[in-house]
Amino acid sequence: MHKMNNENQSIPEPIKGERGGKIWGAKNTPIDRENPNTLTPPDTDHGTLPNFKWPFALSHMRVEEGGWSRETTIRELPVSEKMAGVNMHLEPGGVRELHWHKEAEWSFVIKGSARLTAIDAQGREFVDDVSEGDLWYFPSGIPHSIQGLSEGVEFILVFDDGSFSENSTFSITDWFAHTPKDVLAANFGVSEEAFDNIPDHQVYMFETKVPGPILQEVPQNMNEAVEEPFTFRLTEQKPIETKGGKVWIADSTNFKASKTIAAALVEVEPGGIREMHWHNNTDEWQYYLEGEGRMTVFAAEGKARTFDYQAGDVGYVPFAMGHYIQNTGDKPLRFLEMFKSDKFSDVSLNQWMSQTPPELLKAHLHVDDQFIKHGLTNVKKPNVKY
Ligand code: MN
Ligand code: MN
């Protein structure tokens with residue numbers, strides 16, 4: 001006899017056939033609804049694994065003049081040692097002030113457009129405008145600024161260290177505020193009065209007028225430009241098309257400046273799956289842009305744990321652990337995969353199996369000829385590891 005689930009089927013309960021029972025005490029049904037595989041995990045899940053999900057909606061929001069920012073780091077998601085992320089929004093004319101940091105910064109523009117400025121250690125300059133689907137990358141220690149253009153901008157930033165904090169960057173206003181005025185005067189060769197009105201603390205973000213067209217704004221004394229541009233038009237590239245979706249890959253082979261972050265933008269159609277695979281080089285930091293998905297992470301020793309993801313969530317997969325991402329919604333699922341590496345690299349389970357002698361495979365898995373003949377025909381074109 002099956003235990004009755006709630007009369008109201010829309011209230012999920014931890015009941016599987018004859019096992020489990022209703023929650024009598026406090027429960028948070030909206031969270032349960034978003035995480036059916038946490039409330040009632042598949043029977044293949046087993047063992048204790050860390051948390052691999054963090055919704056940006058639970059990250060502290062820093063609300064400022066000119067926009068907002070929130071971060072997901074090792075403090076929010078303890079497993080995410082290799083990378084951290086920041087979600088930021090700038091109003092029209094809103095500026096993330098001139099600053100630098102120890103970590104390299106990678107970004108994907110979600111909506112709107114922005115003006116970027118930077119300079120490298122050789123004094124070479126960089127100014128460019130980015131819009132939806134573009135990437136940027138600033139190497140560690142390189143100073144830069146971001147400003148929202150006429151419609152404003154929203155983007156996701158990824159840093160190549162999980163301990164990064166957007167609240168501890170080196171800012172120009174912070175440095176000026178904490179330098180004796182006579183030193184500023186000596187350094188710039190002007191009188192101390194020139195600094196009478198400087199902010200007395202870090203500004204971080206502020207609003208000013210939307211800048212004019214890029215050609216008018218570039219300094220007249222513009223030096224040589226940086227060797228490898230800090231921006232890349234990701235979605236203007238031709239995607240790799242597969243049976244269940246599309247993928248755009250950017251790493252140091254096509255986006256030369258991006259030496260420590262490799263990335264893929266993945267689109268999975270309803271009913272489709274980002275196939276079972278693992279990465280042979282490093283951890284994966286994910287950001288869900290649109291739709292709904294589920295992922296099981298296989299960690300060896302019989303351990304596996306399944307998570308559900310919605311737009312705005314961060315997912316994480318430690319080095320070498322097997323995983324898939326299934327579209328569980330009725331709309332396309334779009335997400336980003338980022339790696340602390342100069343190259344994108346993965347190993348497909350399908351491809352491996354299809355290139356293994358069938359008798360050897362049958363002896364391992366006790367599968368029939370049907371699996372060998374049909375199950376492995378979903379394999380992507382040889383050498384396209386996706
Ligand atoms: Mn930065
Ligand atoms: Mn992956």
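## Manganese site

In sequence, the donor residues of the manganese ion (ligand 2) follow the spacing H-x1-H-x4-E-x38-H. Donors are N, O and S atoms within 2.8 Å of the metal (3.2 Å for Na, K and Ca), and since water is not among the atoms, sites may look incomplete. E284 lies in strand β19 (residues 284-290) and H323 in strand β23, so the pair ties together parts that are 39 residues apart in sequence. The ion is coordinated by H277 (NE2), H279 (NE2), E284 (OE) and H323 (NE2), at 2.1 to 2.2 Å.

Both E284 and H323 are buried (under 20% relative accessible area, 1.4 Å probe, protein chains only).

## Basis of the model

This is a predicted model, in which local features need pLDDT of at least 70 and side-chain atom pairs count only at pLDDT 80 or more, while totals for chains, interfaces and linings use all residues. Residues are numbered from 1 along each chain as its sequence is written, chains are lettered from A and ligands numbered from 1 in the order in which they are written, and side-chain values use heavy atoms, with hydrogens and water left out.

## Sheet

Strands (E, at least two residues) are DSSP runs numbered from the N terminus. An open sheet of five strands runs in the order β21-β20-β23-β18-β25, with antiparallel pairing; two strands pair if DSSP finds at least two bridges between them. Its edge strands, β21 (304-310) and β25 (347-348), each pair on one side only.

Within the sheet, β18 (residues 273-278) and β23 (residues 322-327) are joined by three bridges, and I273 stands opposite Q326 in β23.

## Contacts of M338

Apart from neighbours within four places in sequence, M338 is in contact (heavy atoms within 4.5 Å) with residues including W106, E284 and W285.

Terms used
Helix = DSSP H or I, 4+ residues; strand = E, 2+ residues; numbered from the N terminus. Buried < 20%, exposed > 50% of the residue type's maximum accessible area, 1.4 Å probe, protein only.
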